[in-house]
Structure formats: structure tokens, C-alpha cells
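Dear colleague,

I am handing over the structure that we spoke about, and below it you will find my notes on what was found. Please read them with the model open beside you.

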Amino acid sequence: EKEHKGDFHIEEAVEWTGLDLKLGQVSGLALDPKNNLVVFHRGDRVWDENSFDSKFIYQQRGLGPIEQNTIIVLNPSNAKLLHSTGKSLFYLPHGLSVDKNGNYWVTDVALHQVFKLGANDKEPLLILGVPLQPGSDKNHFCQPTDVAVDPITGSIYVSDGYCNSRIIQFSPNGLYVMQWGEDTSLGRSRPGQFSIPHSLALIPDLSQLCVADRENGRIQCFRLETGEFTREIKHKAFGRELFAVSYVPGGLLFAVNGIPYPGEAESVQGFVMNFSTGEIIDTFIPLRKSFEMPHDIVASEDRTVFVGDVHAKAVWKFASVEKMEHRSV
Ligand SMILES: O=C(N[C@@H](O)C(=O)O)c1ccccc1
């Protein structure tokens, strides 16, 4: 019997009908201020080996933007569609977060841009980056992966990206403020070095930003105001890749790792950690279907967890069940 630390255990909520939704590649998940589940997906578009050239220029521009609504809002209990938006705007959806006012913040790795969308507006309220033009200066991103907004200061943080290795801070109205991070040097990866900063978890009460440092298979955390490295969370159980991270007020950190390379022992799974100690409290996998490329994770204060998978094109729901006293005899 698996050792469960703490008083709860996470397992799939098998009554959740969200597995039957006909979604495209699910790239981003978030919870809005009403705790509804927001899903960012790619409709009929896929990111594969032919999507970009060696200079990270998107190759399928001719297809035009995705016609379907790429942002859908679901009732977290019964997966009923409540709202959808984001049609004819995006080419390759990636990161998603929702701010305290219910605005959607997304990244598009083909456009190399970051968008702020009002919940009911068609026209974006703010766009950062130059469409379809990768770069690494103050006005360009290169396949930006995620975006998070500090609910206290309104500062915007962007993890940039597959082809850059930095976190950029913008002012609430989108002006460049500062950046930190550098590519992982050969061999050892030091604090503040990234190999695909892939997902952000903003921790307002501790004024920290944690980053899923994907190909280094670790989480790095930094001070919001200065970008100063504060800590790293890394476990052998993560294996080689750590894809996404999500923080829940009260001190729990959730994460999903990558599928193991052939011959590697660490399996693909969800992790629950105690933020202050970094210790793994529990791990979880689906009962129905299996993780293929779990790509984002979001958790709510009652420890309901959603995982979106870009290859399985699925969203699983997990709930925490009270631990029964197991007497393994
Ligand atoms: O990582 C990749 N994709 C996922 O992260 C995603 O789809 O966001 C990828 C890498 C190489 C080629 C094609 C896709």
C-alpha cells in the first residue's frame, strides 16, 4: 500500500464527464474567480515536428487562425459548457491563466505573443510581442509558454519560452520592467538557469513565482520583486521532465511530470507537495485512460485538481478523499 503522508489522498473523480469532451490538444487549464474550469485547446490544429522551421518561424500560417473557440469554460462539477470564446485569434495555444477580475491571459507559441482577453470581449485588451516574429529583446518572445498576473500589484510575468530561457516582468499596462534567467549551461544546471521554463505558479502570499523548469526536471522559485532565486524543488520521482506546476493557497504545490524515456523508471504522474518543505505528500494517476503528455495542472482550495493532456486531448478531474485507516494485515 502506498505511503500517504497527511490526511488525504488524491484520486480520479470518475463521475466527471469531461473525458468525453471533443477537445483538441489541451494546452492550458485555469480556474476563474467563480471556480469554473477554463480550458485552452487547439481545436483541429496540432503542434508537431513540421510546425516550425529551424528559426522557430511557424510554418502553417496559411491555415489562418483556429476557427473554433479555443477558450471554453466548464462547470467544474458536471463539465457542462458555460461559455466559450477565442475563435479566429490563435494559431498554437499554449499557456492560460485567469486574473482576479476574470480576464483570460494566454500565450500562443506560433504567434510568439501574449494576450489579455476580457471574459466577454472579442477584441483583446492587451497584446505583447510581434505577431509571428520570434526574438529575445524587450518586444519579442520566442514560443512563450505561460503568463501569470500578480493579484496584488497587477504585474505581469511571462515565461519565455521554448527558444528563450527567461522570465520577463511587465507593468500592469504591459511595459517592460525587467527579466531574469539564462540558458542552462552544458552539464550542471545552476539556479536561475532554465531549459524550457514551461509553466508558472504565482504565490502572492509569499511574494514568489515558481517555474516548471521542464527539461531540467525541477521547480525553481524566485522573489517576485527582484527575480532573486529563493529555492529549488526536485525529486528523483520527477524523472527527466517536469511540465507544469500549480499552487493552492494554504501551502500545497501540485505538479505533473513528463512520460519517461525508454528504460527510465520514473512513471508519468501527478504530485502533491508541501510547499514549505518541498516534500511529496501524494502522487496520482488516472483510473480511466492514461496520461500521455500531461501538459497543465490546476488545483482549487478544496484540493480538486484538473490535469489537461496535449496528446490524449483530455481533461481529468481528481478529488481528495479522506484517508481511511488502512490496516494492512
Ligand atoms: O514539446 C512539444 N510540444 C508540447 O509541449 C506542446 O504541444 O505544447 C513538442 C516538441 C517537439 C516537437 C513538437 C512538439
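**Phe 318 and the cores**

Leaving aside neighbours within four places in sequence, Phe 318 is in contact with Ile 10, Glu 11, Glu 12, Ala 13, Phe 284, Ile 285, Pro 286, Phe 291, Arg 303, Thr 304, Val 305 and Val 307, where contact means heavy atoms within 4.5 Å. Please keep in mind that this is a predicted model, in which local features need pLDDT of at least 70 and side-chain atom pairs count only at pLDDT 80 or more, while totals for chains, interfaces and linings use all residues. Residues are numbered from 1 along each chain as its sequence is written, and side-chain values use heavy atoms, with hydrogens and water left out.

Phe 318 is also among the residues with the most contacts inside the largest nonpolar core, which has 24 residues; such a core is a set of buried Ala, Val, Leu, Ile, Met, Phe, Trp, Tyr and Cys residues joined through side-chain atoms within 4.5 Å. Buried means under 20% relative accessible area, exposed over 50%, and partly exposed in between, with a 1.4 Å probe and protein chains only. The elements that give two or more residues to this core include β1 (8-12), β23 (280-284) and β26 (314-322), strands being DSSP runs (E, at least two residues) numbered from the N terminus. Apart from this core lies another, of 21 residues, among them Tyr 91, Leu 92, Leu 96 and Tyr 104.

**Two loop residues**

Ser 189, in the loop between β14 (182-183) and β15 (193-194), counts as buried because its relative accessibility is 16%. With the residues up to four places away in sequence again not counted, Ser 189 touches Thr 184, Asn 216 and Arg 218.

**Charges over rings**

Arg 231 lies over the face of Phe 275, at 4.7 Å from the ring centre, and Arg 240 lies over the face of Tyr 261, at 4.0 Å from the ring centre. A charge sits over a ring if NZ of Lys or CZ of Arg is within 6 Å of the ring centre and within 35 degrees of the ring normal.

With best wishes

Notes:
Helix = DSSP H or I, 4+ residues; strand = E, 2+ residues; numbered from the N terminus.
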